[in-house]
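Subject: Structure for you to look at

Hi,

Here is the structure I promised you. Please open it next to this email and follow along.

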Amino acid sequence: EDFLAKGALMLDRLARAIERHCPGPWSETAVPKLSLVALDELVEPMEVTYEPMICFVADGAKRTVVGERSWITPPGEMAFFTLDLPVTAAFEKVPYRAAVMRLDPQALAALQLELAEDGPAAPPATAAAVTAPMAPELVDAVTRWVHLLGTPEDIGPLGPRIEAEILYRLLRSPLGPVLRHWS
C-alpha cells in the first residue's frame with residue numbers, strides 16, 4: 001500500500017511539473033528531445049503521425065488507434081512507438097499530462113555498447129507500439145528531466161545526463177528487449 005501511495009505521489013509531482021512548464025496543449029521545450037502535453041478539456045480525436053518516441057503518462061488517459069488495434073495508456077504507464085506511424089489519438093480522461101521523449105537510436109546504441117550487454121533476446125518487432133508500467137526510478141528521472149525547464153542554465157550540463165539515465169532505466173524496464181531490438 002505504501003508503494004502505491006508513493007507511486008501516486010510521484011506521478012502527481014510529474015503531472016504538476018508538466019503543467020507548470022507546458023504553456024499550451026502540446027509544447028516543444030528547451031530540453032532537447034522533450035515535449036510536454038497538458039490538456040484540461042476533452043478534445044476531438046486527432047489524426048497525427050507519431051515519430052519514434054516514448055510517451056510517459058502522468059495523469060489522465062489516452063486511447064491510441066492504429067488500424068484495427070486500439071489501446072488506452074493510463075497514468076503510470078508509458079507507450080513506445082517504434083516507427084513513424086499514423087494514429088488517431090483520443091483523450092479518454094482529463095486533465096491529461098504527459099512527457100514525450102523523441103528517441104535517438106544512436107544514443108540508445110551507444111548506451112548499449114557502454115553497458116556491454118545483450119540483455120534478453122528481443123521478440124521479433126511485430127508491434128509498432130508497446131506499452132508498459134513505469135518503475136518509480138523512471139518516474140523520478142523523467143520528473144527531474146522536466147524540472148530542468150525551471151533552471152535553464154542546467155539544461156546543457158544535466159539534460160544529456162538525465163536523458164541517458166532515462167534510456168538506461170528504459171533498457172532495464174519491460175520495454176528493454178523491444179528497445180534493444182529497435183536501436
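Keep in mind that this is a predicted model.

Start with Thr143, which lies in helix 3 (residues 136-147). Thr143 has a relative accessible area of 1%. Buried means under 20%, so Thr143 is buried. Leaving aside residues up to four places away in sequence, Thr143 touches Met10, Arg13 and Leu14.

Next, helix 2 (residues 105-115). Its buried residues include Leu108, Leu111 and Gln112. Look down the axis of helix 2: the buried residues fall within an arc of 100°, so they line one face of the helix. An α-helix has 3.6 residues a turn, so residues three or four places apart point the same way. What covers the buried residues of helix 2? Helix 4 (152-171) and helix 5 (176-182) are among the covering parts. The face turned away from the buried side carries exposed residues: Gln106, Leu113 and Glu114. Now check the start of helix 2. There, a side-chain oxygen of Asp104 comes to within 2.9 Å of the backbone nitrogen of Gln106.

Last, the rings. The structure has four aromatic pairs. One of them is Phe80 with Trp182, an edge-to-face pair. Their centres are 5.9 Å apart, with 85° between the planes. This pair links distant parts of the chain: Phe80 is in strand 6 (residues 77-81), Trp182 is in helix 5, and they are 102 residues apart. Phe80 is buried, at 0% relative accessibility. Tyr50, Trp71 and Phe81 make up one aromatic cluster. Over the ring of Trp71 sits the charged end of Arg69, 4.3 Å from the ring centre.

Best wishes

How values were computed. Residues numbered from 1 in each chain as written. Predicted model: local features only at pLDDT ≥ 70, side-chain atom pairs only at ≥ 80, totals over all residues. Heavy atoms only, no water. Helix = DSSP H or I, 4+ residues; strand = E, 2+ residues; numbered from the N terminus. Buried < 20%, exposed > 50% of the residue type's maximum accessible area, 1.4 Å probe, protein only. Contact = heavy atoms within 4.5 Å. Arc of directions from axis to C-beta. Polar contact = N/O pair within 3.5 Å; in protein donor to acceptor, adjacent residues only side chain to side chain. Phe/Tyr/Trp six-rings, centres within 6.5 Å; stacked < 30°, edge-to-face > 60°. Lys NZ or Arg CZ within 6 Å of the ring centre and 35° of its normal.
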